[in-house]
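Please look over the sequence and the structure below. Then use this briefing to find a few features in it.

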Amino acid sequence: MIKTIKYSKDVDLEKELARSQFSYDDVNETVESILKDVKARGDKALIEYTEKFDGVKLENLEVTEEEIQEAFDTIDKELMEVIQYSHDNIKKFHEKQVRNDFLIRQENGVILGQIVNPIEKVGLYVPGGTAAYPSTVLMNAVPAKIAGCDEIIMVTPPTADGTILSSILVAAKISGVDRIFKVGGAQSIAALSYGTETVPKVYKIGGPGNIYVAMAKKMVYGEVSIDMIAGPSEVLIIADESADPVHTAADLLSQAEHDKLAACILVTTSEKLANEVSKELEKQLKELPREEIARASIETQGRIVIVDNMDDAVFVSNFVAPEHLELAVDNPFELLPRIKNAGSIFMGHNTPEPIGDYLAGPNHTLPTSGTAKFSSPLSVDDFVKKSSFIYYSKQGLEEVKDKVIKFAENEGLTAHARSVSKRFEK
């Protein structure tokens, strides 16, 4: 059922552990058309696309205060407590990421520094419709709020009756979202990028979505900034003989149920564990409501890689650069310094990946498809921008003027050199 590989230096990891990528060609034309239409027709286009794709004709695009209050009145109180608990953990973690301004003073009167400013207007996309992802609201809105963004605008598709699920609205209000709009898909990305009569234009868009949302974000980059282009979810588990096969199989399936293209990889030094996990996967699959999705993921994207030692396990993991990495070993802290490429790392036998999805505190918006080799989880940094500043006194400029002129003349930029030399002509 799940493909098993015996790793050696001759194994082509690029081929054996290739993760499915979206085929962009079949959606790009549709997305481009939607973007142009919303840019040209604004709210009218949004209402038409919402009726076409979500099956509901809206009178008003924006969620009202009355709807938000109704969400607080009707939500399961235990769930609301869980959302608040998650919010507080996420806030506590992300507050540690706040960057400060700095200043460097030199004796000759030169002053250098950096100031950190929040991005004033940000847009957050939250998947919706039949699904509910209040955790996504929290993971995006909390760091934006901590960063100090003036306006946090959220878009999410409505349900068939034209409402937004209570858990989404409650999470948005708790985490400081300023305005919420009942629109999803590529059309919502267009609205945030260009602005409409109702939806304000923002400077940066964050949040995960389907292929149409991902491609829309890619196309509008430059008009606005984006957080990342996220692919299918993925988990890699490094396990030795101390790992429990039941738990390991369950952890693999927790990602497999996301998407038929989700990649679930076990890398283990124990052939016995590999065999037991393979059997356990089949057993647990039959118990899942989303069996069809999870089975497709396991059979097409799932892999068990048997390695000779932990050095090889770490090498394979760093090569894959997984979104989620579990270290299912007795002493994960020994292994941690050797992990170079991973979105988020889950340590030991009692830290399953879903703990990070919902409420541990670190962000669950993570780099996928190997991009953890060069990018990071969503953070407060994604919602700020930095400006440097430079002040030179007359003495400070005189001390370096010849060096600047030399550099400028070497690059053939005479006017650059003269902007300095002119200040010292008598």
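Predicted model: local features only at pLDDT ≥ 70, side-chain atom pairs only at ≥ 80, totals over all residues.

Residues are numbered from 1 along each chain as its sequence is written, and side-chain values use heavy atoms, with hydrogens and water left out.

**Helix H16**

- Helix H16 covers residues 394–410, which is 17 residues. Helices (H or I, at least four residues) and strands (E, at least two) are DSSP runs, numbered from the N terminus.
- From first C-alpha to last, H16 reaches 24 Å, close to the 24 Å expected at 1.5 Å a residue. The expected span is 1.5 Å times one less than the number of residues.
- H16 bends by about 50° at Val400. The bend is the angle between axes fitted to the seven residues ending there and the seven starting there.
- The buried residues of H16 are Gly396, Leu397, Lys401, Ile405 and Ala408. Buried means under 20% relative accessible area, exposed over 50%, and partly exposed in between (1.4 Å probe, protein chains only).
- Helix H17 (414–421) is included in what covers these buried residues.
- Gly412 follows H16, and its phi is positive, near 75°.

**Aromatic pairs**

- The structure holds two aromatic pairs. Rings of Phe, Tyr and Trp (its six-membered ring) pair if their centres lie within 6.5 Å; planes under 30 degrees apart count as stacked, over 60 as edge-to-face and the rest as tilted.
- Tyr7 and Phe315 form a tilted pair, 6.4 Å centre to centre, with 35° between the planes. Tyr7 lies in the loop between strand E1 (3–6) and helix H1 (13–16), and Phe315 in helix H13 (residues 310–320), so the pair ties together parts that are 308 residues apart in sequence.
- Tyr7 is buried at 6% relative accessible area, whereas Phe315 is partly exposed at 45%.
- Tyr49 and Phe53 have ring centres 5.8 Å apart and planes at 5°, so this pair is stacked.
- Both Tyr49 and Phe53 lie in helix H3 (residues 43–54), four residues apart, about one turn of the helix.
- Tyr49 is buried at 11% relative accessibility, while Phe53 is partly exposed at 43%.

**Charges over rings**

- Lys373 lies over the face of Phe319, at 4.9 Å from the ring centre. A charge sits over a ring if NZ of Lys or CZ of Arg is within 6 Å of the ring centre and within 35 degrees of the ring normal.
- Lys394 lies over the face of Phe424, at 4.6 Å from the ring centre.

Methods:
Contact = heavy atoms within 4.5 Å.
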